[in-house]
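Here is a protein chain to explore step by step. Have the structure open as you read, and try to find each part as it comes up.

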Amino acid sequence: MPVPARRLLPSWVWVSGLTAGAIVVVAFLTVKADRGAHPEAPVAQPSASASVSPSPRASESAAAVPDGSGTGRRIVYSLGQKRVWLVDASDASRSTFAVWPGTVSPDPGTYTVSVRNDATTGSDGVQIEHVVYFAAKSGLSIAFSNAVDGSSPPAVAAGAQTSGIRMRKADGEALWTFGTVETSVVVVK
């Protein structure tokens with residue numbers, strides 16, 4: 001009795017399957033690695049002529065949640081310290097990190113996360129991700145985000161208006177996970 005011929009799949013099906021499998025493995029390993037220890041490496045400070053703020057990791061461990069920033073689960077953003085805190089329901093800071101604010105800042109007050117966007121192009125033309133919108137001012141939406149490539153914001157031309165509050169990639173991922181829609185955002189001076 002003859003053996004039925006096997007139908008071979010085209011090579012693109014195999015390549016697609018292998019690619020999908022590799023993506024799943026990388027995603028799994030990324031999540032697993034994110035749960036482990038996060039050693040800190042020394043961070044070089046930008047030169048005095050740089051147009052952006054110092055590294056977002058500078059003096060992170062010494063920062064306490066600002067007084068008068070409310071209670072309960074919330075994101076706290078200090079305009080003066082250029083810093084964000086992710087505060088849990090027991091008023092303990094789960095994470096804090098420095099940020100690079102845009103040229104347009106929200107007024108002090110309490111807001112809520114209204115919209116989230118996985119990725120888009122920022123008002124400075126940079127590809128960004130983990131976009132968490134919470135306010136608007138001067139016709140611009142104000143949001144937390146990080147550059148897809150992990151870079152700090154480029155120098156902004158004089159008079160240009162940008163409204164993104166940028167952070168390091170790992171911090172953007174943490175804020176994205178914490179800052180679900182309806183999460184309070186408290187902006188302090």
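How many bridges join strand E5 to E6? Six of them do, and the two strands run antiparallel, with E5 covering residues 115-121.

## Before we go on

This is a predicted model, so local features need pLDDT of at least 70 and side-chain atom pairs count only at pLDDT 80 or more, while totals for chains, interfaces and linings use all residues. Residues are numbered from 1 along each chain as its sequence is written, and side-chain values use heavy atoms, with hydrogens and water left out.

## The chain as a whole

The chain has two helices and nine strands. Both kinds of element are DSSP runs numbered from the N terminus: helices are H or I with at least four residues, and strands are E with at least two.

Of the 189 residues in the chain, 32% are buried. Here buried means under 20% relative accessible area, exposed means over 50%, and partly exposed is in between (1.4 Å probe, protein chains only). The accessible surface of the chain comes to about 11400 Å², and 59% of that belongs to carbon and sulfur atoms. These areas come from the Shrake-Rupley method with a 1.4 Å probe, and for residues only the protein chains shown count as cover.

A contact means heavy atoms within 4.5 Å. Take the contacts between residues at least 6 apart in sequence: 51% of them join residues at least 24 apart.

## Two hairpins

Back to E5 and E6. Strands count as paired if DSSP finds at least two bridges between them. Across this pair, Arg-116 stands opposite Val-132 in E6. The two strands form a hairpin with five residues between them, and Gly-125 there takes a positive phi near 85 degrees.

E6 also pairs with E7, in the antiparallel sense over seven bridges. Look for Ile-128, which stands opposite Ala-147 in E7. This hairpin has two residues between its strands, and Ser-138 in the turn has a positive phi of about 55 degrees.

## The open sheet and its helix

Now find the open sheet, where five strands sit in the order E3-E2-E1-E9-E4 with mixed pairing. E3 and E4 are the edge strands, each pairing on one side only. From one strand to the next, the twist averages 20 degrees.

At the E4 end, four bridges join E4 to E9, and these two run antiparallel. Thr-110 stands opposite Val-186 in E9. Helix H2 packs on the sheet, touching E1, E2 and E3, and its direction makes about 40 degrees with that of E2. For such angles, axes are lines fitted to C-alpha atoms (for helices, over the stretch in contact), and angles run from 0 to 180 degrees between N-to-C directions.

## The nonpolar core

A nonpolar core is a set of buried Ala, Val, Leu, Ile, Met, Phe, Trp, Tyr and Cys residues joined through side-chain atoms within 4.5 Å. The largest one has 19 residues, and those with the most contacts inside it are Ile-75, Val-84, Phe-134, Phe-144 and Leu-175. At least two core residues come from each of these: strands E1 (74-78), E2 (83-87), E6 (127-137), E7 (140-147) and E9 (184-188), plus helix H2 (169-178).

What does Leu-175 touch, leaving aside its neighbours within four places in sequence? Its contacts are Ile-75, Val-84, Leu-86, Phe-97, Val-132, Phe-144 and Met-167.

## Salt bridges

A salt bridge is a side-chain nitrogen of Lys or Arg within 4 Å of a carboxyl oxygen of Asp or Glu, and the structure holds five. One of them joins Asp-91 to Arg-74, with the closest N and O atoms 2.9 Å apart. Asp-91 lies in the loop between E2 and strand E3 (93-98) and Arg-74 in strand E1, so the pair ties together parts 17 residues apart in sequence. Asp-91 is partly exposed at 37% relative accessible area, whereas Arg-74 is buried at 3%.

Another salt bridge joins Glu-129 to Lys-169, and here the closest N and O atoms are 2.5 Å apart. This pair links distant parts of the chain, with Glu-129 in strand E6 and Lys-169 in helix H2, 40 residues apart. Glu-129 counts as buried at 14% relative accessibility, and Lys-169 as partly exposed at 30%.
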